[in-house]
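Work through the following exercises with the sequence and the model open side by side.

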Amino acid sequence: MAPNEKTTADHLRDALDGRWRDVKNQTRVQLSKEAFRPHHTPNTVIARAKVAEQMQLMANAGISDEGFRKEHGGTGDVGAAITMIEMLAMSDLSLMVKAGVQWGLFGGAVENLGTERHGDYIKDIITLDLLGCFAMTETGHGSDVQSLETTATYDPETEEFVIHSETPTARKDYIGGAAETARMAAVFAQLITHEDGKPVNHGVHCLLVPIRDEDGNDLPGVTTSDCQYKGGLPGVDNGRIMFDHVRVPRVNLLNKYGDVAPDGTYTSPIDNPNRRFFTMIGTLIRGRVTVGGSAGAAARVALDIATRYALQRRQFSAPDDDDREVLIMDYLVHQRRLFPLIAKSYALQFAQNELVSKTHDLQTSDVVDAEEQRELEARAAGLKAANTWHASRAIQEAREACGGAGYMAENRLIALRADTDVFTTFEGDNHVLTQLVAKELLTAYADDIKSMSPVEWVRFAANTVGDRVMKRTAAEAIMQRIIDARQDSEEEGSLFNRGTQVSMFEDREDYLLSSVARRLQGKSKEMSAFDAFNAVQDHVLHAAQAHIDRIVLEAFVAGIDACPDPEARELLDVICDLYALSVIEEDKAWFIEHRYLSTERAKAVTRGINDRCRVLRPHARTLVDGFGIPEPLRYAEMLHPENLAD
C-alpha cells in the first residue's frame, strides 16, 4: 500500500465523519495533545480545576468561536460548533458538559434569544471573560418548562425586573457552573407586567442575572449552593440558585421574542403565547443535539476499548487443542455482545450527521419554515433519546465484556458509564422526548380524523398514512429505489435484502402510528383528552420508537450510498444488515403477532444475526478503527500488557 493510500478503516471513518469531516480531523489533532488526555479522578476539586484549564486552552486556540455569528466575533458555523463539542466526549464528559453550558446553552441563549444590545456579552462569553450558567431547571419543574415558578416582575418606576424564587420548589437546581464558576445566569422565569394595576403573566422568558462578583461572592439577594459529589461528571460544578427580590435592568431581558418598554408595555412579534414559548425554546435545540451526539461518541470509545481488549484477551482452551487458549472475540456469544452495538453506533452516527446538518441549515437560514422547525425538534428529541439510551447499554456491555479489568478506573469504562448516566435525563427526560416525537407525528392527523366515520378512517389510513410518513425522509429517492427492489418472500435470504428490511421498518411504523391515532380517536369520545392519551401511552411510545428506528435506518442507507470506496461500502452493507436485523429481533414479538414474520422466518432473523457476526469477525479491528478515536483518547491500561510489570 502506498504511503498516502487510504485503508478501508480510513474510508469508514470518512463516511462516519460526514459533512464536517475536516472539522473532526482538526479536533482530533487538538484532542491528541497531552492537555486533553483522559484523567481518572473522582476528586471534584482536581477535576474542576482540570476542566477550567482545558476550557481556557480551547478558548485560546479559537475553538470556542465556532457557532457564534460573525458580527459577535465567531465564524457562524453552527454545525462545526456542535461537532467539536460532541467530540470532547471522547476526552472527558465533564469538559464536554462545561463547554456545552458555556458556549452552547448560556452563549446560545444570549445570541439566539437576545438582540443587538446583548452583542457585547457574547464576545466575553467566547473568550471566557464572562462565565455563565443556564438557569432553567427548578426543583419542582424540569421537563415542564412552561410551569417554572421563578418570577421576573417589571417595576416601571425603576425600569428594573425583580427576580424572585416564589416558593422553595422554584429553586434553580442541578445548574452546571452555578456552584463556583458562573458570574452570570441566563434565568428562565415567568415575565410579569401590570395593566390597570393588575399583574399580567406573559409566560416564560429569559433574563441575564449577575449572581457573583469578581471575587466569587454571591451578590445581594442571590444564594448559591453546591450540589457536591454526583454519580459522575466530577469536573462540572453543578449548583443551586435562589433569588430574593434581585433587581436587574430592563435591558437584561433577552428580548428577541418579547420586550418590555420603559413604561411597562409588553410587545412581541408572536401574539400567541404558546407559539411564542415553543419558538423561543426551539432556538435552543443545539443543546439537545449536542447531548445526543456526545453520548454516541462516548459509546464508541467504550466499544473501541472493549473490542481491542477482546482481540488480545484469551480465555479457556479450545476443545481440540488443550495448548491453545481462545481469544474471547472468537466466541460467538462475545461477538453477539459487541457487534450489534457497534452496528447501532454506526447507524446512529449517520443519523446524527443528518441531524447536525439540518440544524446548521435551519439555524443559519434567514427564513425558517415553522413545519421544518417542528420536524427538526422532533428528530432532535428522538435521536437524543436513542443515542443516550444506546450509550447506557453499550458502555455497560463493554464494561462487562472486559470482566474485572473493565471495572478499573484506569481502563476508562466506569468513568464513561458514570458520566453518561445522566444524559438520559438532562436536556429532556427520554420518555418525555419520545412522546414528543409521537405527538409531532400525530398532529398530522388532528384535522383529518375529527369528523370521519370508521369506514372513512380505514380508507384514509390505508391511502394516506404511508405518504405522510415517507415524505419526511431525507433520502427519499434512494429509499424508493431500494423499496422497488425489495424481495417479499419467506426465503431466509430475503432478510438480507435492504428493500425488505426498509419495508418492514416502514410497515411497523405505519401500522403503529395509524392504530394509535385510531385508538385515540375512539377513546376521545368517552374520556378526557388527557385520559385518552394516558390510556394509550405505551402504544404512543412504541410508535415513536418505530419512527426513530426507521429514520436511523434511512440515514444509514444514505450514508452507504454516499461512500465512494467499494470495500468500505461492502462492509457497511453488512453492518447495516446487522443493525436492521437486531432491531427486528428486539421487536420480534410484534412482527410475529401482526404476521409480518412467520415463526420460521423469525428464527431466521436470529440465524441472520449470527451469520453477520461471523462475517464481521475478521474485520473487528477495522470496525472500531473506523470510529476514528485518537490513540491517546482510547488509552486503557489493560490494552498495554507491557505495563503490567510496572
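Two strands are taken to pair if DSSP finds at least two bridges between them. The model is a predicted one, and the exercises below should be read with that in mind.

**Exercise 1. Determine the strand order of the open sheet of 3 strands, and work out which strands stand at its edges.**

Step 1. The order of this open sheet is E4-E8-E7, and the pairing is antiparallel.

Step 2. Strand E4 (172-176) and strand E7 (222-226) each have a single partner strand, so they stand at the edges, and one side of each is left without a neighbour in the sheet.

Step 3. Averaged over the sheet and with direction ignored, neighbouring strands are turned by 30° against each other.

Step 4. For the pair formed by E4 and strand E8 (residues 238-243), 3 bridges are found in the antiparallel sense, and Lys 172 has Ile 241 in E8 as its bridge partner.

**Exercise 2. Describe how strand E1 (residues 132-135) is paired with strand E5 (residues 184-195), and state which way the residues of E1 point.**

**Exercise 3. Classify the packing of helix H10 (residues 370-401) against helix H9 (residues 332-363), and then against helix H8 (residues 286-310).**

Step 1. The axes of H9 and H10 come within 9 Å and cross at roughly 155°. Angles over 145 degrees count as roughly antiparallel, and H9 is therefore roughly antiparallel to H10.

Step 2. The crossing of H9 and H10 is left-handed, and the residues of this contact comprise 12 nonpolar, 7 polar and 9 charged.

Step 3. For H8 and H10, the axes are 8 Å apart and the packing angle is about 20°. Since angles under 35 degrees count as roughly parallel, H8 is roughly parallel to H10.

Step 4. The crossing of H8 and H10 is likewise left-handed, and the residues of their contact divide into 16 nonpolar, 6 polar and 2 charged.

**Exercise 4. Decide whether Ser 392 and Leu 436 are buried or partly exposed, and list their contacts beyond four places in sequence.**

Step 1. Ser 392 lies in helix H10. Its relative accessibility is 12%, and because buried means under 20%, Ser 392 counts as buried.

Step 2. With residues up to four places away in sequence not counted, Ser 392 touches Arg 417 and Thr 424.

Step 3. Leu 436 belongs to helix H12 (residues 430-442), and its relative accessibility of 32% makes Leu 436 partly exposed.

Step 4. Once neighbours within four places in sequence are set aside, the contacts of Leu 436 are Arg 288, Glu 377, Ala 378 and Ala 381. Leu 436 and Ala 378 are 58 residues apart along the chain, yet their C-alpha atoms are separated by 6.4 Å.

**Exercise 5. Explain why helix H1 (residues 8-17) is described as largely enclosed, and identify what its buried residues pack against.**

Step 1. Of the 10 residues of H1, 8 are buried, so this helix is largely enclosed by the rest of the structure; among them are His 11, Leu 12 and Leu 16.

Step 2. The buried residues of H1 pack against helix H2 (21-31), H9, helix H19 (566-586) and helix H22 (620-625).

Step 3. Gly 18 follows H1, and the phi of Gly 18 is positive, near 65°.

Methods: Residues are numbered from 1 along each chain as its sequence is written. This is a predicted model: local features need pLDDT of at least 70, side-chain atom pairs count only at pLDDT 80 or more; totals for chains, interfaces and linings use all residues. Side-chain values use heavy atoms; hydrogens and water are left out. Axes are lines fitted to C-alpha atoms, for helices over the stretch in contact, and angles run from 0 to 180 degrees between N-to-C directions. Helices (H or I, at least four residues) and strands (E, at least two) are DSSP runs, numbered from the N terminus. Angles under 35 degrees count as roughly parallel, over 145 as roughly antiparallel, 65 to 115 as roughly perpendicular and the rest as oblique. A crossing is left-handed if the near helix is turned anticlockwise from the far one by less than a right angle, and right-handed if clockwise. Ala, Val, Leu, Ile, Met, Phe, Trp, Tyr, Cys and Pro count as nonpolar, Asp, Glu, Lys and Arg as charged, and the others, Gly among them, as polar. Buried means under 20% relative accessible area, exposed over 50%, partly exposed in between (1.4 Å probe, protein chains only). Contact means heavy atoms within 4.5 Å.
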